[in-house]
Amino acid sequence: MLKNYFKIALRQLRKQRMYSVIKIGGFALSIAACLLIALYINDELSYDKSFANSSRIYRIVVEAVDNNGKRESGADWPAPMAKALKDDYPEVELSGRIMASELFYGAGSNEIRRTDKTENSFETKFAYADQSMLDILETPMVYGDRKKALAEPNTMVITKKVADKFFPNENPVGKTMILNDDKNKIYKIGGVMQDFPKTSHIQFDYFLTMTDYALWNGEQTDWGSSNYYTYVMLKPGVNVGLFRNKLKQVLTKYYLPMAEKSGDRGFIEIVKKANLMAQPLKDIHLRSYNLDDGLQKGDIRFVWLFGAIAIFILIIACINFINLSTAKSANRAKEVGLRKVVGSYRINLIKQFLAESTLFSFASFVLAVIIAALLLPLFNALSAKSLTIPWNSWWLLPVMILSAAFIGAIAGIYPAFYLSAFKPIEVLKGQISRGSKNSLLRNGLVVFQFATSIILIIGTLVIAKQTHYVLNKDVGFNKDQVMLIQGTNTLDNKTTMPSFKNELLTISSVKNVTVSDFLPISGTKRNGNTFYKEGRTKEDAGVGGQHWVVDYDYIKTLGMKMNEGRFFSKDMASDTAATVINVAMKEKLGLKNPIGQIITNGWEHLRVIGVVDDFNYETMKQGIVPLIFVLGNNYSSIVAVKINPENVQKTIAEITATWKKFAPNQPIRYTFLDENFRNMYADVQRMGNIFTSFAILAIMIACLGLFALSAFMAEQRNKEIGIRKVLGASTSSITTMLSKDFVRLVLIAFVIAAPIAWWAMNKWLQDYDVQYRITISWWMFAAAAVLVILIALVTVSFQSIKAALMNPVKSLRSE
């Protein structure tokens with residue numbers, strides 16, 4: 001019997017080739033999209049699960065409300081925090097720290113070489129780490145003893161990838177390496193660890209020891225500066241909820257006395273209201289989107305969004321299958337009638353139709369896997385992933401087979417019951433399912449399809465407009481034609497760096513040069529401090545802000561504008577104890593006449609000589625934070641060069657030749673400021689591209705459903721159309737009559753979709769600071785409505801015109 005079911009199903013597939021192609025093709029596209037999204041979601045949800053004790057590892061984070069009522073979260077802690085947790089809490093088995101801030105020498109990126117080589121290689125992913133971090137993570141070692149790999153001063157642990165690059169086919173343990181040509185501090189390799197999996201929030205290739213190391217004298221016991229990620233591994237069986245509740249004691253024991261001693265009432269209130277949390281290791285990647293920790297991470301909201309899109313696409317695919325199956329009901333009606341007349345039971349007919357839907361589903365799944373494999377490189381580019389289809393996994397084939405059977409049954413169950421319910425006497429008289437032309441269910445399904453499409457179109461338009469706004473807004477500095485030479489920290493800061501800068505200025509197409517690691521783009525140094533007006537440290541709440549070290553030519557090179565006063569001058573020796581602040585700092589400190597006033601961060605007392613206009617130095621998801629400039633030495637890993645736009649390649653060649661004079665053993669590395677600025681919004685552009693892709697896919701699939709419904713309606717009304725033509729109706733009037741019903745469905749879909757789209761995109765825009773959000777305009781909704789109506793009309797017109805041109809004799813022959 002089963003063989004007979006599938007034989008009939010194959011016969012139907014061959015008999016209705018066009019409908020079969022649409023059924024299988026639309027289904028396959030939908031399933032391919034769902035497969036790609038499933039790969040993405042699986043990858044995102046698998047982060048940090050490979051560590052042996054991942055369920056017992058936590059990162060300590062804080063949530064606080066600042067003096068302006070803004071809720072902020074952070075993961076940076078003072079150096080003694082890890083030891084305090086281990087000493088004060090018996091629940092803690094191990095505690096450890098990672099310090100990855102590029103503000104401090106060694107962390108971030110470096111020029112590195114073997115001590116027996118002369119040419120440097122630029123490497124990233126450096127961080128300082130405690131020996132205990134290797135134990136917490138139970139890092140698998142290729143060479144060396146994990147228990148003591150970072151136990152000695154001036155040691156480092158490298159990944160296997162790095163070992164293969166610098167020490168191919170060697171055991172590098174005990175070998176030495178030099179960072180940034182600093183021969184006074186040579187690092188010995190204490191071990192080689194396996195590369196961290198891609199699904200880990202920890203993505204470092206070099207761990208530098210913190211044994212006998214301090215960022216400055218006394219820093220390891222200083223509770224006033226926060227630069228370390230702090231992790232704990234709890235003992236087995238610990239009640240995590242009780243441990244979290246006890247963490248508040250850290251603030252009471254260590255922070256509150258320090259705040260009270262400072263007399264800063266604002267700081268005291270922040271400490272009292274703050275909450276410490278133990279964040280599970282597996283939550284760090286997806287649930288830290290509101291936490292500024294400098295790590296590359298995902299967002300659980302996007303996972304839910306993509307999951308919802310996948311479900312909607314799959315529902316749309318099933319809807320299409322239902323509509324396409326019922327649209328050609330006339331072709332199956334007499335078959336059903338005759339089968340019932342000769343004694344076939346309804347249950348047998350249901351099984352027959354379910355077998356057909358399952359066959360279509362299996363064919364669609366096979367095609368979907370092929371489409372997914374072909375589109376995977378494009379999807380990886382869109383999502384910035386390196387996903388692969390797990391062909392060798394044992395579970396892949398069973399999951400595919402079960403999914404195909406399940407989806408085939410779900411999609412086919414309504415058509416099976418619908419078609420098997422035909423009454424033989426009505427079927428054989430030609431009266432097929434009379435009254436179903438206004439099916440509420442069928443129309444509702446089409447409305448659902450187009451509502452989903454409209455939401456995605458509006459979302460695409462909003463994201464596109466917001467992206468255009470942030471990329472083209474005046475950000476307060478000139479990002480064009482600024483070349484960033486990197487790795488300059490290997491040059492001697494007292495003699496070689498000034499000479500290199502002067503040599504660059506001799507090139508005719510070079511306008512200005514500045515030396516600073518603090519630039520208005522992500523990925524450069526940041527240094528947060530708290531500032532006060534001189535003499536008001538106990539009376540006023542401190543103002544959090546940035547402390548940037550620059551040289552005399554900084555704002556000339558980057559095109560910032562002075563609001564009041566002046567910038568630093570070589571002719572003014574006193575400028576070494578001066579500062580230039582931005583407008584935000586002036587307003588937050590309440591400096592009505594700032595020039596000449598003294599501000600302090602607790603260890604520097606700086607006279608304000610100028611105020612620079614505000615400029616955006618982080619993404620526009622954040623407001624402009626108060627900032628000060630101070631003069632510093634020439635030690636920097638970045639030199640910014642403002643060049644003329646004419647003959648850029650020649651200028652680059654001349655700059656490269658100059659670099660080779662000063663660093664013959666180090667290849668030049670450079671980027672451009674405008675490229676780096678665009679990269680700050682890569683995630684927004686990526687989301688826009690993904691939304692566009694899904695919107696196009698949803699419209700394509702919805703149009704297939706509309707095509708099916710228009711075919712169904714034309715079939716149901718063929719006698720009516722014949723009578724109208726006999727009575728003199730024109731082709732255009734019949735086409736309009738058939739099309740207006742579908743336009744009405746699209747308009748209903750728009751009414752439903754518009755408020756949902758407005759709510760969802762307004763929610764998305766909340767991620768941006770209020771002054772940098774676009775207004776969701778009426779034209780976005782109008783454009784989406786017009787676009788969808790036009791697409792619907794084009795789709796429907798084929799069947800409408802075909803029905804209008806049909807010879808009425810054929811449709812009225814039975815009458």
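Modeller: Helices and strands are taken as DSSP runs, numbered from the N terminus. The model is a predicted one, and its chain has 24 helices and 24 strands.

Colleague: What share of the 815 residues in the chain is buried?

Modeller: A residue is called buried when its relative accessible area is under 20%. By that criterion, 52% of the 815 residues are buried. The accessible surface of the chain amounts to about 37,200 Å², and carbon and sulfur atoms account for 57% of that area.

Colleague: Where is Tyr229 placed, and is Tyr229 buried or exposed?

Modeller: Tyr229 belongs to strand β12, which covers residues 228-234. Its relative accessibility is 8%, so Tyr229 counts as buried. With neighbours within four places in sequence set aside, the contacts of Tyr229 include Ala75 and Asp76, Gly96 to Ile98 by way of Arg97, and Asp293, Gly294 and Leu295.

Colleague: Which residues does Thr358 touch, beyond those up to four places away in sequence?

Modeller: Thr358 sits in helix α11, residues 346-383, and touches Ala405, Gly408 and Ala409. Because its relative accessible area is 17%, Thr358 is likewise classed as buried.

Colleague: Let us turn to helix packing. At what angle do α15 and α18 pack?

Modeller: Helix α15 (residues 496-505) packs against helix α18 (residues 648-662) at about 155 degrees, and their axes are 10 Å apart. An angle over 145 degrees counts as roughly antiparallel, which is why α15 is described as roughly antiparallel to α18. The crossing of α15 past α18 is right-handed.

Colleague: Which residues of α15 and α18 meet?

Modeller: From α15 come Thr496, Ser499, Phe500, Glu503 and Leu504; from α18 come Ile655, Thr658, Trp659, Lys661 and Phe662. Sorted by class, this contact comprises five nonpolar, three polar and two charged residues.

Colleague: How do α3 and α7 cross?

Modeller: The axes of α3 (residues 81-88) and α7 (residues 248-262) come within 12 Å and cross at roughly 125 degrees. The relation of α3 to α7 is therefore oblique. Here too the crossing is a right-handed one, with α3 passing α7. Met81, Ala84, Leu85 and Asp88 of α3 make the contact with Val250, Lys253 and Tyr254 of α7. By class, the contact has five nonpolar and two charged residues, with no polar ones.

Colleague: Where does Asp181 lie?

Modeller: Asp181 is in the loop between β9 (176-179) and β10 (186-193). With a relative accessible area of 32%, Asp181 is partly exposed.

Terms used:
Residues are numbered from 1 along each chain as its sequence is written. This is a predicted model: local features need pLDDT of at least 70, side-chain atom pairs count only at pLDDT 80 or more; totals for chains, interfaces and linings use all residues. Side-chain values use heavy atoms; hydrogens and water are left out. Axes are lines fitted to C-alpha atoms, for helices over the stretch in contact, and angles run from 0 to 180 degrees between N-to-C directions. Helices (H or I, at least four residues) and strands (E, at least two) are DSSP runs, numbered from the N terminus. Angles under 35 degrees count as roughly parallel, over 145 as roughly antiparallel, 65 to 115 as roughly perpendicular and the rest as oblique. A crossing is left-handed if the near helix is turned anticlockwise from the far one by less than a right angle, and right-handed if clockwise. Contact means heavy atoms within 4.5 Å. Ala, Val, Leu, Ile, Met, Phe, Trp, Tyr, Cys and Pro count as nonpolar, Asp, Glu, Lys and Arg as charged, and the others, Gly among them, as polar. Buried means under 20% relative accessible area, exposed over 50%, partly exposed in between (1.4 Å probe, protein chains only). Accessible areas come from the Shrake-Rupley method with a 1.4 Å probe; for residues, only the protein chains shown count as cover.
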